[in-house]
Amino acid sequence: MSRILFDSVTKVYEGDILAVDEFDLEIEDGEFLTLVGPSGSGKSTLLRMVAGLEEITDGEIHIGDTVVNRLPPRNRDIAMVFQNYALYPHLNVLENMAFGLKRSTNLSAEEINARVEEAAELMGIEELLDQKPKHLSGGQRQRVATGRAIVRNPAVFLFDEPLSNLDAKLRKHMRTELQRLQQELVTTTIYVTHDQEEAMTMSDRIAILNHGELQQVGSPREVYNQPENTFVAQFIGSPSMNMFVSELDRTGERPRFRGDVDVEISEREAETIAARSDADQFLLGIRPEHIEVHETAVEGSVPATVDIIEPLGSNDLLYFDLEDGTGVDDVVADHVEIGEDEQSDEEEYKAFILPGSIPNSYERNDERIYLTFDTDHMHVFDPETGENVNKGRMATADAQAESAAEASD
Amino acid sequence: MSNTTSTLGGITIPEEYQYWFSKESLWGWLFLLPSLAALGLISVVPILRGIALSFYEYGGLREDVFVGLENYVEVFGLPDFWVVMKNTFVWSFASVVLMAAIGLGFAVLLNREFKGRSVATTLLLLPWTIPFIAVALNWTLLFNYELGMFNGLMKVLGFGEGIPWLGRSRYALFSVMLAYVWRNFPFFMITFLAAMKGIPQDLYEAARVDGSNRLDLFRHITLPFLQPIGVVTTLLMSLWTLNHFTLVFVMTDGGPGNSSMVLPVYIYRQAFMHNNFGLAAAIAVVMLVIMLGYGMVYLRLYQEEVGGK
């Protein structure tokens, strides 16, 4: 069996650089797990420790029932696809694919050829078998690299950013192709990427890393809908989640948030939040698709101005400014990560709108708009810890909605 | 191009040659002229003079006498000549193989991480910086029967009284070769090391994941990457070695007998010791032909291994 188990795996590089800190994770047999995170998050280090290309400083990695810490790569029954493909330039495609079989099996030349041809057919590269890598296009090289991995029929596939050198269109295409391949072969796969979209679309589960620490593991839906902290909230999803600063006000008749966003919440919600955090101000996370944009003020709406509108085709992305928004940076503690999207000091607020729904505003900046927020999909983060303090509420709301829908059917 | 003249002194120049007579082209030639002239004077003229001389019997103060191919007939008839030819090929082949092997070995060692690596690299590179004449004198001392370090070591270690390294036919060529190899192996070491630094690390990683052990990595990744530069440097070094004069001349002068005699020293002896300039010129022409052969193979391989890709 090829279950993979990380048991408080730690990697310290020379000079006391902590790359991975007590990482725990179990990957099921046949699962497609993606390690995602910004550069320097330790995702590649983890993959290379599984491959045996990097020593494990502390903890254990199990493949199947074997602790592999001390095994050389060749004894781990793994195959790896490298970011730059690492094809042997002096060998043709056939020899590249046969290289591992020759080294690691006792198969006869005919058997090896048969297996290479089979894998080449699966990857659609039968025509290229006698070509040298330098004569291949990027996409073809990628296929050969993947073919070289699958031909060995290993217990585990390791992918290290395999699509990052391809252009956008080819990348999308190869994405679905790799997915299809994995579904067909049902081989345990660890896939490393910095591209959250790749992670979302391909994986059974995603493990999000930052600074060598595991932030959250879950299905793409889970990590998207129930991010455990601000880092995950901002890293997963594109465009990223909006963060508004608001104060929880429980003095009135009904509890409400006041500040950038003005919304009423239920007493129960207020209690949950207060029970999990003693902060006054909170970060309210709302994804662009959960903001409604109106041209005139409606009940409970928040005024804002149009910054720019990006036409995306099926819908447009509207960037807006709040009248007197509080900067997120002023509120959050230094150690709280609000995502790598945060490149400028200024907050970027985004909302999806239907194309043309704000007439004339393509030309005119500073147009006044009014926003309402879907509070069912609102996340409340503690600015001191970055943690999501109302996680799960939304899930129950979803569940309620679903059961209601079922009942009415 | 289009506004340059297409005729030269009334002769119409075909379009494909017009560039030769364009202004740019003429300027180019003009700038090359001084060095071409100097090169012609110090290189082409003597070669032509040498070739011419090989058809004459040198007369000293009297007139040279044209003798046709007689010098060549004499050369190929000399028993000495064939001994020298054999020595020259043994010398150039064996020392190049030794240098390449030792250079490769050190390159492999220096390519690994260890403390003091840069010091080791510098030390190993040092022989390459020493002039041949100094190498020759030092190694002559090292090989000295009475006082030399090698015999001293042999005595200390109990291997008898030592060997007359340069004084016996059996050892002389081999001993000079040792000095030559010591002087020149860094050339291979440093070129191989540079080539190794250019091998992408992920190829080694891919090969390791693919089931390779250390030996596999060396054979299937390192060696193929060193091949182009290896072929070119080996041939280049063969050429230099065929040509090499100093060590043999200073250390043994080809002796004892002709046992360590190589072509360049032999030519020198024929010309300046025996005043057989015609004969020496004929031998030199034979050598020139051999070198041209090497040179052509070199250019061919260079293009295939390095230039063409």
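Into which domains is chain A divided?

## The two domains of chain A

In this predicted model, chain A is divided into domain 1, which covers residues 4–225, and domain 2, which covers residues 237–408. The centres of domain 1 of chain A and domain 2 of chain A, taken over C-alpha atoms, are separated by 37 Å.

The contact between these two domains takes 6 residues from domain 1 of chain A and 5 residues from domain 2 of chain A. On the side of domain 1 of chain A that touches domain 2 of chain A, helix H6 (196–202) and helix H7 (220–225) of chain A each supply at least two residues. The residues of that side of domain 1 of chain A comprise 2 nonpolar, 3 polar and 1 charged.

## Strand pairing in chain A

S16(A) and S17(A) form a hairpin with 4 residues between them, and in the turn Gly313(A) has a positive phi of about 110 degrees.

## The build of chain B

Chain B contains 12 helices and 4 strands. Its radius of gyration is 26 Å, well over the 19 Å that the globule rule gives for 309 residues, so chain B is more spread out than a compact globule. Taken along the principal axes, the C-alpha atoms of chain B fill a box of roughly 85 × 65 × 30 Å.

Of the 309 residues in chain B, 28% are buried. Among the contacts in chain B with a separation of 6 or more, 65% are accounted for by residues 24 or more positions apart.

## Where chain B touches chain A

The contact between the two chains takes 12 residues from chain B and 16 residues from chain A. On the side of chain B that touches chain A, helix H8 (201–209) and helix H9 (214–243) of chain B each supply at least two residues. H8(B) gives the largest share of that side, with 6 residues. By residue type, the side of chain B that touches chain A divides into 5 nonpolar, 2 polar and 5 charged residues.

Definitions and conventions: Residues are numbered from 1 along each chain as its sequence is written. Chains are lettered from A and ligands numbered from 1 in the order in which they are written. This is a predicted model: local features need pLDDT of at least 70, side-chain atom pairs count only at pLDDT 80 or more; totals for chains, interfaces and linings use all residues. Domain bounds come from an automatic or database domain assignment. Two residues are in contact if their C-beta atoms, placed from the backbone, lie within 7 Å. Ala, Val, Leu, Ile, Met, Phe, Trp, Tyr, Cys and Pro count as nonpolar, Asp, Glu, Lys and Arg as charged, and the others, Gly among them, as polar. The radius of gyration is taken over C-alpha atoms; the globule rule is 2.2 Å times the number of residues to the power 0.38. A residue is buried if 20 or more other C-beta atoms lie within 10 Å of its own, exposed if 12 or fewer, and partly exposed in between; C-beta atoms are placed from the backbone. Two strands pair if DSSP finds at least two bridges between them.
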